[in-house]
Amino acid sequence: MTAFVFNEVNFDNHEQVVFASEPKSGLRAIIAVHNTNLGPAMGGCRMWNYASEAEAVRDVLRLSRGMTYKNAVAGLPIGGGKSVMIGNPKTDKTPAMFEALGEALERLGGRYVTAEDIGTSPQDMANVAHKTRYVAGLGDRGDPSPFTALGCFVGAQAAIKHHFKRDSFDGLTVALQGLGHVGYDYARRLHQAGAKLIVSDIDAQSVKRAQEEFGAQVVDVNAIYDVDADLYAPCALGATLNPDTLSRLKAKVVAGGANNQLATPEMGEICRQKGILYAPDFVINAGGIIKVCYEYMSTPEDGMDAHVRRIGETLAEVFARADAEGVPTSVIADRIAEERFKK
Ligand code: NAD
């Protein structure tokens with residue numbers, strides 16, 4: 001027998017993995033529930049033209065496990081899960097497919113709550129909601145990305161305090177990559193706090209706006225790794241901390257909103273050896289899921305801002321423990337998550 005799913009590194013004792021199909025709509029989805037010790041599993045639904053079913057399985061397991069860690073460190077009463085739909089989001093999507101996904105979630109009885117992700121939209125989630133209440137972030141109560149940006153900002157404050165022993169961004173230079181929903185708002189906060197900005201984006205309009213509004217210096221997309229900066233803020237792509245970029249970065253602090261910043265787990269140790277303080281991605285970018293969780297659980301929102309700001313305190317703890325134990329910050333972040341969800 002060929003071992004595949006149970007031996008996958010990210011299977012990691014998933015509680016449940018469901019293959020959901022519905023022939024009329026053409027739905028082919030995989031729903032992964034990694035861990036529900038802290039509450040119902042929550043994580044987005046990704047639609048992607050996977051090259052194979054095995055690739056879709058690997059992706060959903062990796063993402064679902066990641067949500068357990070992210071939600072636990074964020075101090076949310078939810079577990080980790082994720083779903084993927086196999087298909088091209090530009091050409092294959094239909095409302096019926098999302099309704100069929102809603103029926104599949106209903107059969108899970110609330111063990112997994114979905115939301116939008118890459119390839120899916122608030123409108124798709126509205127179609128899911130025709131069939132189930134186990135769906136969050138319908139888009140009717142606002143975009144979560146300003147909260148992600150706030151988390152990045154307070155995370156960066158904690159990082160400069162730890163590394164440079166400074167409370168202020170005055171005189172510090174930030175190399176910020178990607179001026180989208182998160183990056184633009186994060187850049188605005190950094191500019192208001194006195195940081196000098198060097199920015200890159202593949203979109204000419206976005207960089208022009210940052211130049212005009214924040215006096216940002218603009219560089220080519222590939223040059224962002226070489227500029228003289230104190231802090232690198234990845235807010236576009238994953239895997240931008242890799243052997244090539246880590247040999248080029250001059251910044252001594254990495255604090256940005258992008259997901260999956262480490263190309264491989266070993267990059268955490270390379271950052272440590274190079275004296276680069278890395279704010280683990282799933283800790284610093286949790287502002288959006290905090291907002292979505294508050295909405296879904298109808299938690300009074302007066303405590304939400306303070307909850308997002310606690311990301312700064314969590315990171316201060318991560319940095320201090322990493323120093324004391326001589327291990328990468330990414331390892332400490334994982335440990336803090338495990339201390340919370342592995343009860
Ligand atoms: P977005 O699509 O609004 O913005 C991404 C920006 O990056 C765009 O402006 C795009 O033009 C730019 N970009 C793409 N390739 C680039 C390149 N090679 N160099 C420079 N810029 C490039 O996305 P977003 O919602 O701002 O999310 C940004 C990152 O943060 C993603 O990795 C996302 O997964 C992560 N994230 C977002 C949230 C959220 O609340 N939106 C929450 C957690 C994590």
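Ala, Val, Leu, Ile, Met, Phe, Trp, Tyr, Cys and Pro are counted here as nonpolar, Asp, Glu, Lys and Arg as charged, and the others, Gly among them, as polar. The model is predicted, with local features requiring pLDDT of at least 70 and side-chain atom pairs pLDDT 80 or more, whereas totals for chains, interfaces and linings use all residues. Residues are numbered from 1 along each chain as its sequence is written, and side-chain values use heavy atoms, without hydrogens and water.

**View 1. Residues around the ligand.** The shell holds 21 residues, of which Thr 148, His 181, Val 182, Asp 201 and Asn 259 come nearest (a residue is near if one of its heavy atoms lies within 4 Å of the molecule). By class, the shell comprises 8 nonpolar, 10 polar and 3 charged residues. Helices H4 (145-164) and H5 (181-192) each supply at least two of the shell residues (helices are DSSP runs of H or I, at least four residues, and strands are runs of E, at least two, numbered from the N terminus).

View 2. Pairs of N or O atoms within 3.5 Å are shown. A polar side-chain atom of Asp 201 lies 2.6 Å from a ligand oxygen atom. For Asn 259, a polar side-chain atom is 2.8 Å from an oxygen atom of the ligand, while Val 182 places a polar backbone atom 2.8 Å from a ligand oxygen. The protein buries 72% of the 830 Å² that the ligand exposes when taken alone (Shrake-Rupley method, 1.4 Å probe).

**View 3. Helix H1 and the residue Gly 75.** Helix H1 (residues 53-73) has 21 residues and spans 31 Å from its first C-alpha to its last, close to the expected 30 Å at 1.5 Å a residue (1.5 Å times one less than the number of residues). Gly 75, which follows H1, has a positive phi near 70°.

Notes: Polar contact = N/O pair within 3.5 Å; in protein donor to acceptor, adjacent residues only side chain to side chain.
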